[in-house]
Every structure is written in C-alpha cells, then in structure tokens.
Amino acid sequence: MPKKVLIAARSFSRSKEAKAILEAQGYELILNPYDRPMTEAELVEMIAGVDALVAGNDDVTGAVIAAGAPDLKIIAKHGVGYNNIDVSTAKQYGIPVTVAPGANSQSVAELAFGLLLACVRSIPQMDCSIRAGSWDRVTGYEVGGKVLGIVGMGNIGGEVAKRACGFNMKIIAYDIYPNPEFIKNYGVTYLPLPEVIAQADFLSLHAPSTPGTIGIINRTTLRTMKKTAFLINTARGDLVNEEDLYEALSSGIIAGAALDTFAKEPLENSPLLTLKNIIVTPHAGAATHEGVIRTGLIGAGEVVRVLSGQAPHYAVK
Ligand SMILES: NC(=O)C1=CN([C@@H]2O[C@H](COP(=O)(O)OP(=O)(O)OC[C@H]3O[C@@H](n4cnc5c(N)ncnc54)[C@H](O)[C@@H]3O)[C@@H](O)[C@H]2O)C=CC1
Ligand SMILES: O=C(O)CCC(=O)C(=O)O
C-alpha cells in the first residue's frame, strides 16, 4: 500500500517541483478538491488513512488531528505561520508539525513594501480613477526620511528593514527578542511597542498570531498613531481589530491601511471594503513562483524524512 499524502495547501499542489519529490517516493497524493483552504469538516472527512498532511491556511483543528491519528505521522505547514494548526493536540498524538522558516520571507517583504508604496502614492486609487475616465493626480508623500515601525523583527521583518534601508527610511522596531544583527546591519532602533506605534509613519506588522499579539492594533492603540500614518498588515488578520480599524480609517484617526490578511478569510461583506483609504490583497504575501518552490521543497523534504523514519529539520517546539 503506498503512503498517502493529503495536500490541502493549494500552492503546494501547483508546485511540480515539490510534488515530484513526493511522487518519486511512490506516495499517493490526494489533492484539496476545493479552490480555497479546507474547513475542519472537509479535512475530517478526508484525513482517515492519510500518512502526511501538507497544510496551507486550512483549519487543522484538534478534531482533524484526532481523526487522522494514528496513521497521520506529520503535518507539514506550507509556510511559517502555524496559528491555524492545533499544535498542542498534535503533540499529544506525537505528530510533529513542521514549518518552512525563511522560505517565503522575501516574497512577503516585497508585498509589504509594495503595499506601503501603493498606500502612500494612492496607486490603486489612481488606476481606478483613470479607468473611470478621469486624469486626476493624487499628491502623495515620499517615504525617504520617514519612520518605518516594524512589529515582529524576524525573518520577514528583517527583509522589510533591508528594503527600507534602500529607501533611506528610519527604522524602529518592537520584538520580544531584539536581534543585534538588525541593529548592526540595518540601523534598527528597538523601542517599546507603544513608542513604535506612536512614532511610525508606516507601521508594518510581522509578528505571529499568538495570545500576546492578537488585537494589538485596536481602538486604543490606533488613537496613539499619527493621523498621517499608514498601517500595513501582511502578518495575520487577528493582530488588528477590524471594527476599530474601520472606525479609525473612516474618521481620520489614521491616513490609510493595506491589509493582506484578515480575521476571517476570504474577506466577504466587510465594511472595510466601502472605504477608499484601504488597499486589500487576498493573503497573497507568499504567492510568488520563487517562494512557493522554496516553501514546497522544504515541506516535501520534511514529509519524506518523517515518513522514512527520520526526525524533521523544522518541527515547531
Ligand atoms: N501574508 C502571508 O502570506 C504570510 C504571512 N506570514 C505571517 O508573518 C509572520 C512572521 O513570519 P516570519 O517573519 O517568517 O516569522 P519569524 O518567526 O521569523 O518572525 C516572527 C518574529 O516575531 C517576534 N514575536 C513573537 N511574538 C511577538 C510579540 N508578542 N511581539 C512582538 N514580536 C513578537 C519573534 O520574536 C520573531 O522575531 C508569520 O507568523 C505569519 O503569521 C508569514 C508568511 C506569509
Ligand atoms: O499562502 C501560503 O502558502 C501560506 C503563507 C502564510 O501565510 C505563511 O507562511 O504563514
């Protein structure tokens, strides 16, 4: 009987390089039949008898893991943010959860920077306006000399800081573990979170979703931001209270925002979509050809290692 790998992560299933590694082992690949992340119920229905699960942003709950045990030997996250996976239940069943550290950092950092520039120069708004028959120029702002605040200075935050140096920005950051390399290489100044939020002209979020970060951008903290500031969130939607952000954007508390991630995805019928000073993308930070290949190769390698009895390289602790 061939070993079975359920590939819920749609990016992985489109990566012939990653799939080839699994196919070379003779595994049977079962693909996510939906054109979106899988729900708990859908995963529970398909997980029985599966040896490995490659998960994207699918709902890998305790019920899914319980339904997969004892056959399920590994959950390989196609990416880095594993807040959608019930790691503690996986641990109880002795199932390692692996990630692909750094594999998509460049892709996400480039999108974050693209969003930052799109916000401050109103790029999507001007594109829309020309298509509607007008030739109005929006006067924006330069980013050189402005303060970029980064919350979560890890792999992605570091890549964002590297790019900000090229734009001659002043970089301030908050992280629970300051990294001296970022101070040395990119001139990052670490500050307490309230100071980063208050001083930033652009506030870019790159921390994981944890009990310590959920809701860090809320009514109270938004009111401490500059009125001219822009918020960029390519981390996780639940870092931002969306109702409070709507209020802040519609009443001029901050100038604008760009969001790639949302509390509930896909984003549907959100009041945020009625605002002109917001740009949204569909959790596409990691969606580049290069990033998907790197991420898939790491995930496939982890699956092969575990299914052949070896320890994974990048298991979540
Ligand atoms: N939009 C997208 O497609 C993607 C989004 N992401 C999100 O970005 C996040 C960051 O990714 P990486 O930089 O690769 O992870 P990383 O683990 O390299 O960096 C995360 C950083 O956040 C810091 N951190 C943890 N808790 C914190 C707290 N309470 N306050 C401040 N800092 C805290 C850590 O010390 C670390 O330096 C992921 O967890 C994921 O949620 C990641 C990849 C793609
Ligand atoms: O789109 C993906 O593959 C997941 C990207 C992501 O959010 C992550 O790596 O945490």
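So, how many residues of domain 1 are in contact with residues of domain 2? By the cut-off of heavy atoms within 4.5 Å, 13 residues of domain 1 touch seven residues of domain 2.

Quick housekeeping. This is a predicted model, where local features need pLDDT of at least 70 and side-chain atom pairs count only at pLDDT 80 or more, while totals for chains, interfaces and linings use all residues. Residues are numbered from 1 along each chain as its sequence is written, chains are lettered from A and ligands numbered from 1 in the order in which they are written, and side-chain values use heavy atoms, with hydrogens and water left out.

Okay, the domains. Domain 1 is 4–103 + 288–308, and domain 2 is 104–280; such bounds come from an automatic or database domain assignment. Their C-alpha centres sit 30 Å apart.

Now the interface. About 730 Å² is buried between domain 1 and domain 2, with carbon and sulfur atoms giving 40% of that. Buried area here is the accessible area (1.4 Å probe) that two parts lose on being put together, summed over both. On the domain 1 side, Asn 83, Gly 102 and Thr 288 lose the most area to domain 2, together 46% of what that side buries.

Helix H13 (residues 289–307) gives the most to the side of domain 1 touching domain 2, namely three residues. Helices (H or I, at least four residues) and strands (E, at least two) are DSSP runs, numbered from the N terminus.

Next, some local geometry. There's a cis peptide bond between Ala 69 and Pro 70, omega about 5°, and Pro 70 sits in the loop between helix H4 (62–68) and strand E4 (74–77). Another cis peptide bond joins Glu 265 and Pro 266, omega about -5°; Pro 266 is in the loop between strand E11 (256–259) and strand E12 (278–280).

Last one: Asn 168 isn't a glycine, yet has a positive phi of about 60°. You'll find Asn 168 in the loop between helix H8 (155–166) and strand E7 (170–174).
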